[in-house]
Structures are given as C-alpha cells and as structure tokens.
Amino acid sequence: MSYVRDVGALARKDLLLELRARDTLPAMLLFVAVTFVVFHFALPGTPSRLETSGLLWIAILFTALLGLGRAFVPEREQRTMDALVLAPCDRSAIWLAKSIATLAFLAAAEVVALPLYALFFHSITSTTVAAVLLADLGICGVGTFLGAMAVATRARDLLLPLLFLPLAIPIVVGAVGATVGEPVVSSPGRYLAFLALYDLLFAVICWASFEYVVAE
Amino acid sequence: MLTAHRLGKRYGERRVLRGIDLALPRGGFLVVTGPNGSGKTTLLRICAGLTQPTEGTIERTAVRAQVGYLGHEPLVYRELTALENLELYGRLYRVAERRERTGMLLERFGLWDVRHDRVASYSRGMTQRLALCRVLLHEPELLVLDEPYSALDEAGAELLDVQLAELRGERTFVLTTHDPARVESLASGALALAT
C-alpha cells in the first residue's frame with residue numbers, strides 16, 4: 001500500500017506543478033490542434049482513412065514527445081532527483097508517477113485531438129479509441145523511462161526523440177493497424193492485442209530497470 | 001558510521017578526488033574545507049551515496065533513508081508551497097507524525113507564516129531555510145551538508161548554529177564550509193582538500 005501512496009503523492013506533485021506552471025499542457029494542446037489544421041489544408045480533396053490514420057498517429061506521437069521532453073524538467077532544474085532517489089521508497093514509483101502524469105496530459109490533448117480529427121477527416125470508431133488508450137500507455141511508459149535517461153545528458157533534447165522514436169515504431173504499427181480497420185486490415189483486434197502485449201512487456205522492463213537509470 | 005579508504009573520483013580524464021581516507025564514528029562531526037574545485041561537493045555526494053567513487057571504497061552504516069543531504073541547490077520544488085514540499089518529502093521519507101514535525105520545523109526556521117506561499121516567491125535565504133527543514137524532516141542519522149550557511153542571513157545562521165549544536169553527538173555530520181571558524185567548536189575532525 002505504501003507503494004501506491006508514494007506513486008499517488010508523486011503523481012499529484014507532477015499534476016500540481018503543471019497546474020501552476022502551465023509549461024506542458026498548453027503547448028501540447030496547441031501543437032496537436034495546429035497539426036490537424038495544417039494537415040487539413042495541406043491535403044487536397046478528401047484523403048482516405050488509410051492516409052489520415054497515419055496523420056493521426058504522427059500527431060499523437062509528436063504531441064507526446066513534447067510532454068515527455070518536459071517530464072523531468074522540474075527535477076533537472078531544481079535538482080530534486082537527488083532528494084527523490086535518497087528516499088526509502090521504491091524508485092520505480094518515480095517512473096510510474098511520471099508516466100501517470102504524462103498520460104494525463106496526453107489524454108487531455110487527445111480530448112481535443114480526436115474531435116478535431118473527426119471534424120477534419122473521418123469519424124472516430126471505438127477501435128480507434130481503444131487503440132489510443134493502449135498506445136498512450138506504451139508511449140508514456142517507454143517515453144518516461146527514456147526521458148529519465150536523456151535528462152541526465154547534455155544532449156537531452158536530441159537524445160529523447162532519437163531513443164524514443166525507434167522504440168515507438170511497434171506502437172505506430174499496432175495503432176495504425178487497429179485504426180485503419182476493415183477492409184484494409186482483416187482483424188483489428190489482433191493489433192489491439194499486439195499493443196497490449198507491447199505495453200505489458202515494456203512496463204515490466206521499465207519498472208524493473210528504472211532503479212539503474214536514476215543511479216549514477 | 002562512515003569509513004573510506006583511498007577514495008578517488010574521475011570524470012573522464014579529469015581527476016577530482018584522490019586518496020581520501022576517512023573514519024568517522026557515529027556522532028562525529030567532520031568539517032571539509034578547500035578551495036573551489038577541490039572536490040568538496042564530489043566527496044559529499046559520495047558520502048551521501050549519490051555518486052559512486054571510481055577508486056577506493058566507502059562503507060556507510062546508514063542506509064539511504066537515514067541520510068539527509070543538502071546540496072548546492074535546495075532540492076525543493078519552486079512551484080509548490082513550503083508545506084506541500086515538506087508533505088511530499090515527509091510521505092516519501094516515511095516520517096511519523098508528519099504534520100507535527102513539519103509544523104515544528106517551519107516554525108523553528110521562521111517559515112510558518114509563509115508556509116502556504118510558493119517557494120518561487122521566497123528569497124534565497126528563505127529557500128535555504130526550507131532546504132534545511134527538508135534535510136532535518138526525517139531525523140537522519142547521517143547529515144551531509146554542502147555549504148549549509150550559504151545565503152543565510154545572520155539570524156538564519158544562528159538558527160542553524162543552534163540546530164547543529166542540539167544534534168551534535170546524536171547524529172553524524174559531514175559538512176563543507178568556507179567559514180570553518182563558525183563550526184570549529186562543534187567539529188570532531190577536519191579535512192582540508194587541495195586542488
């Protein structure tokens with residue numbers, strides 16, 4: 001139970017920091033909205049669902065990158081990671097709490113993004129919503145883990161996308177497959193299962209190895 | 001409490017510490033002095049367990065939860081209030097009777113009236129007082145304090161003097177300062193580092 005309480009306290013801290021500083025969420029909202037507007041005018045005629053599914057996931061992925069890049073900024077600027085790693089709590093609680101906070105920001109951005117997508121391009125199906133939820137888990141879990149690695153380096157702004165985007169390729173494959181649906185893809189459910197498996201696998205890896213990421 | 005043998009640290013080609021031997025018993029009070037760049041902060045980070053030495057060995061009887069570390073930065077969140085910062089750390093450090101302890105420290109360090117203000121609105125000295133509250137919050141066995149007097153005004157420095165004197169003998173201290181005369185009466189040992 002103390003683990004859950006630690007995660008809750010750390011996630012609450014991250015949400016409170018964002019509520020007060022407003023560094024991340026407005027940028028994510030603006031980015032995702034502008035991206036769809038630009039795509040809307042950049043694509044002539046009525047693009048197919050296949051094409052726009054790719055656009056949706058590009059927008060989500062890069063919006064997430066904005067949030068992930070900011071995730072450890074308070075810890076870096078105020079050096080608070082030193083105090084956090086000395087605490088007797090399990091260090092994976094820091095990763096889990098950060099992932100939850102980033103997930104909340106990404107979900108908030110998607111609350112704007114999905115209706116905009118429906119407005120400009122195609123309707124949103126329940127499979128798409130399920131794919132978004134599953135992909136968000138993977139994006140935030142893996143991205144937060146890599147964000148913690150990148151923040152300790154001087155080339156952090158460059159390193160995070162370089163590390164994250166290759167690892168996000170399976171997410172894009174699964175998410176686009178589930179979003180496109182029939183008749184292009186015979187069984188979107190298999191893509192959702194693939195996303196769930198990715199989430200589970202990487203959640204275990206990140207949870208078990210975060211300790212070594214924050215240790216010198 | 002703290003034993004180091006031939007301790008050294010390199011960052012790539014640059015050697016910042018070499019051949020440090022330490023034997024600090026429980027209740028000891030070690031004052032580390034030296035010019036800028038002599039490796040004081042690195043040594044303190046090694047003592048706190050935040051940095052690993054590249055040469056030699058260090059043994060610490062205090063586990064990480066029993067270490068109180070004050071670095072150059074106050075290690076508090078600027079967008080949170082003093083109370084929120086101490087509540088967070090109190091929870092993570094498993095402080096019993098967290099509210100009472102937090103209240104007592106905030107009052108002792110003269111921050112009670114501004115406890116609901118964000119740290120971003122504090123002066124450097126007030127932030128340093130809050131950092132000291134954070135360090136003392138969980139009653140650590142080993143206190144590793146890097147320039148604890150920095151940014152404190154005379155009243156704040158006197159508060160810290162009293163606090164250190166109260167805990168002297170009960171806790172183990174490793175402290176750096178550019179004003180060793182201030183803690184001369186408390187020190188049980190001294191280590192002068194050279195560049």
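Trainee: Which strand does S3(B) pair with, and in what sense?

Mentor: Strand S3 (residues 29-33) of chain B pairs with S7(B) in the parallel sense, over four bridges. Two strands count as paired if DSSP finds at least two bridges between them. One bridge joins B:Val31 to B:Leu175 in S7(B).

Trainee: And how do you decide what a strand or a helix is?

Mentor: They're DSSP runs numbered from the N terminus: helices are H or I with at least four residues, strands are E with at least two. By the way, this is a predicted model, where local features need pLDDT of at least 70, side-chain atom pairs count only at pLDDT 80 or more, and totals for chains, interfaces and linings use all residues. Residues are numbered from 1 along each chain as its sequence is written, while chains are lettered from A and ligands numbered from 1 in the order in which they are written.

Trainee: OK. How many bridges link S6(B) to S7(B)?

Mentor: Five, again in the parallel sense, with S6 covering residues 142-146 of chain B. There, B:Leu143 has B:Phe173 of S7(B) as its bridge partner.

Trainee: Is S7(B) mostly covered or uncovered?

Mentor: Mostly covered: S7 spans residues 172-176 of chain B, and five of its five residues are buried. Buried means 20 or more other C-beta atoms lie within 10 Å of the residue's own, exposed means 12 or fewer, and partly exposed is in between, with C-beta atoms placed from the backbone. B:Thr172, B:Val174 and B:Thr176 point one way, B:Phe173 and B:Leu175 the other.

Trainee: New topic: how many residues of chain B are in contact with chain A?

Mentor: 23 residues of chain B, and they are in contact with 19 residues of chain A. Contact means C-beta atoms, placed from the backbone, within 7 Å.

Trainee: Which element gives the most to that side of chain B?

Mentor: H2(B), with four residues.

Methods:
Contact = placed C-beta atoms within 7 Å.
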